[in-house]
Amino acid sequence: MNVNRAKEISSMGEMVNVEFEGESIYIQSVNEEQETARIFPINNPQAEKNVPVYRLTER
């Protein structure tokens, strides 16, 4: 995924099917300069982490 698409998804009010390492995730925010996203698994909101945007996949 690219940074612009990740930003677009994070600002949407609706759920978009995005995965990180095969797990459905929610994108909280995107850091354009570092090209990272703050995410958490749909089933575990407490497990937040920063990951490279290029490793996110839209299904």
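Two strands pair if DSSP finds at least two bridges between them. Strand 2 and strand 3 meet that condition, with 6 bridges in the antiparallel sense. One of the links joins Ile 25 to Pro 41, its bridge partner in strand 3. The model shown here is predicted.

**Overall layout**

The protein holds 1 helix and 5 strands. From the N terminus on, the order of elements is α-β-β-β-β-β. The radius of gyration is 10 Å, close to the 10 Å that the globule rule gives for 59 residues, so the protein is as compact as a globular protein of that length. Its C-alpha trace spans about 30 × 20 × 20 Å along the principal axes. Buried residues account for 32% of the 59 residues. Take the contacts between residues at least 6 apart in sequence: 34% of them join residues at least 24 apart.

| Strands | Sense | Bridges |
|---|---|---|
| Strand 1 and strand 5 | antiparallel | 3 bridges |
| Strand 1 and strand 2 | antiparallel | 3 bridges |
| Strand 2 and strand 3 | antiparallel | 6 bridges |

In strand 2, its bridge partner is Ile 25.

**Two hairpins**

Strand 1 and strand 2 form a hairpin with 2 residues between them. In that turn, Glu 21 has a positive phi of about 55°. Strand 2 and strand 3 also form a hairpin, with 4 residues between them. Here Glu 35 is the turn residue with a positive phi of about 55°.

Gln 34 sits in the loop between strand 2 (23-31) and strand 3 (36-41). Is Gln 34 buried or exposed? Gln 34 has a relative accessible area of 58%, and exposed means over 50%, so this residue counts as exposed. Gln 34 and Val 53 are 19 residues apart in sequence, and their C-alpha atoms are 9.2 Å apart in space.

**The nonpolar core**

The largest nonpolar core has 14 residues. Among those with the most contacts inside it are Val 18, Ile 25, Ile 39 and Leu 56. Helix 1 (3-11), strand 1 (18-20), strand 2 and strand 3 each supply at least two residues of this core. What does Ile 39 touch beyond four places away in sequence? Its contacts there include Phe 20, Ile 25, Ala 47, Val 51 and Leu 56.

**An aromatic pair**

How many aromatic pairs does a search of the whole structure find? The search finds 1. Tyr 26 and Phe 40 form this pair, which is tilted. Their ring centres are 5.3 Å apart, with 35° between the planes. Tyr 26 lies in strand 2 and Phe 40 in strand 3, so the pair ties together parts that are 14 residues apart in sequence. Tyr 26 is partly exposed, at 32% relative accessible area. Phe 40 is buried, at 14%.

Terms used: Residues numbered from 1 in each chain as written. Predicted model: local features only at pLDDT ≥ 70, side-chain atom pairs only at ≥ 80, totals over all residues. Heavy atoms only, no water. Buried < 20%, exposed > 50% of the residue type's maximum accessible area, 1.4 Å probe, protein only. Core = buried A, V, L, I, M, F, W, Y, C linked by side-chain atoms within 4.5 Å. Contact = heavy atoms within 4.5 Å. Phe/Tyr/Trp six-rings, centres within 6.5 Å; stacked < 30°, edge-to-face > 60°. Rg over C-alpha atoms; globule rule 2.2 N^0.38 Å.
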